[in-house]
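The sequence and structure come first.

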Amino acid sequence: GGQWSRKLIINNGLDEGSMLGYIERAKSAGYAVLVMNTNHNRVGKNSIPGSETPVTHARTVWEQFVTGSPSKFIAVVAHSYGGIVAVDLAEKFKLDLMERVGAFLLTDSVHHKLTDDDSVNEKLQRIGINYVCSKAPLDTVLPKYIMRSDYSIPRVSSGSNEHIWTSFYAMESVMRESEKLYMNSTENQQNDVDL
């Protein structure tokens, strides 16, 4: 767990290929951090109970560590297939999404559709960004990806045209966007209290 790309770790180092930069930045900003290892599904030939697939692993971890936590603002960051897993979590744990997930930031996610729930999809569009491969500069807004529905998470350039580099190149923007969404969410909560 904790890696975006084994190839980058081997050829370039932990800073480029792992989640350590994200973890360090999040912790220094005062966030608690939970890293899932959705690809660890077997020990030898035996499936790990509650972790048989990336989706079941993520559901198990979310249910055991997130749902009952006191966290009021949750930022989800996922790369590649992790986007599919994250979209599943959004639908499966709708109450958490609607009340506590305030940022849904993906790096070159391969999800091809959102959920079957319009309210979940509307929330994902509001709080979501998918940083995709592009030759355009970081944060350049890209055309909407036409999916099988009217819903799509906004897409911006990651600043890299190579899939394995998207998380590394997008890190500054992902962290900045998470902080901006957090600030917006706390302002909205204060406004709600003041009314």
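## Overall build and interior

Of the 195 residues in the protein, 44% count as buried. The model is a predicted one. Its secondary structure consists of eight helices and six strands. Read from the N terminus, the order of elements is α-α-α-β-β-α-β-α-α-β-α-β-β-α.

The radius of gyration is 17 Å, which agrees with the value near 16 Å that a compact globule of 195 residues would have. Along the principal axes, the C-alpha atoms fill a box of roughly 55 × 40 × 40 Å. Among contacts with a separation of 6 or more, 65% join residues 24 or more positions apart.

The accessible surface is about 11000 Å², and carbon and sulfur atoms account for 52% of this area. As for charge, the protein carries 20 positive and 23 negative side chains, with 6 Å between the centres of the two sets.

## Nonpolar cores

The largest nonpolar core holds 22 residues, and those with the most contacts inside it are Trp 62, Val 76, Leu 97, Val 101, Phe 104 and Leu 124.

Leaving out residues up to four places away in sequence, Trp 62 touches Met 36, Thr 67, Ile 74, Val 76, Leu 89, Phe 93, Asp 96 and Val 101. Two of these partners, Val 76 and Val 101, are also named among the core residues with the most contacts.

## Thr 67

Thr 67, one of the residues touched by Trp 62, is placed in the loop between H4 and E3. Is this residue buried, exposed or partly exposed? The relative accessible area of Thr 67 is 37%, so the residue is partly exposed; buried would require under 20%, and exposed over 50%.

Again leaving out residues up to four places away in sequence, Thr 67 touches Trp 62, Phe 93, Asp 96 and Arg 100. Phe 93 and Asp 96 are also touched by Trp 62. The C-alpha atoms of Thr 67 and Leu 95 are separated by 9.1 Å, although the two residues are 28 apart along the chain.

Conventions: Residues are numbered from 1 along each chain as its sequence is written. This is a predicted model: local features need pLDDT of at least 70, side-chain atom pairs count only at pLDDT 80 or more; totals for chains, interfaces and linings use all residues. Side-chain values use heavy atoms; hydrogens and water are left out. Helices (H or I, at least four residues) and strands (E, at least two) are DSSP runs, numbered from the N terminus. The radius of gyration is taken over C-alpha atoms; the globule rule is 2.2 Å times the number of residues to the power 0.38. Buried means under 20% relative accessible area, exposed over 50%, partly exposed in between (1.4 Å probe, protein chains only). Contact means heavy atoms within 4.5 Å. Accessible areas come from the Shrake-Rupley method with a 1.4 Å probe; for residues, only the protein chains shown count as cover. Lys and Arg count as positive and Asp and Glu as negative; His and the chain ends are not counted. The place of a charge is taken as NZ of Lys, CZ of Arg, CG of Asp or CD of Glu. A nonpolar core is a set of buried Ala, Val, Leu, Ile, Met, Phe, Trp, Tyr and Cys residues joined through side-chain atoms within 4.5 Å.
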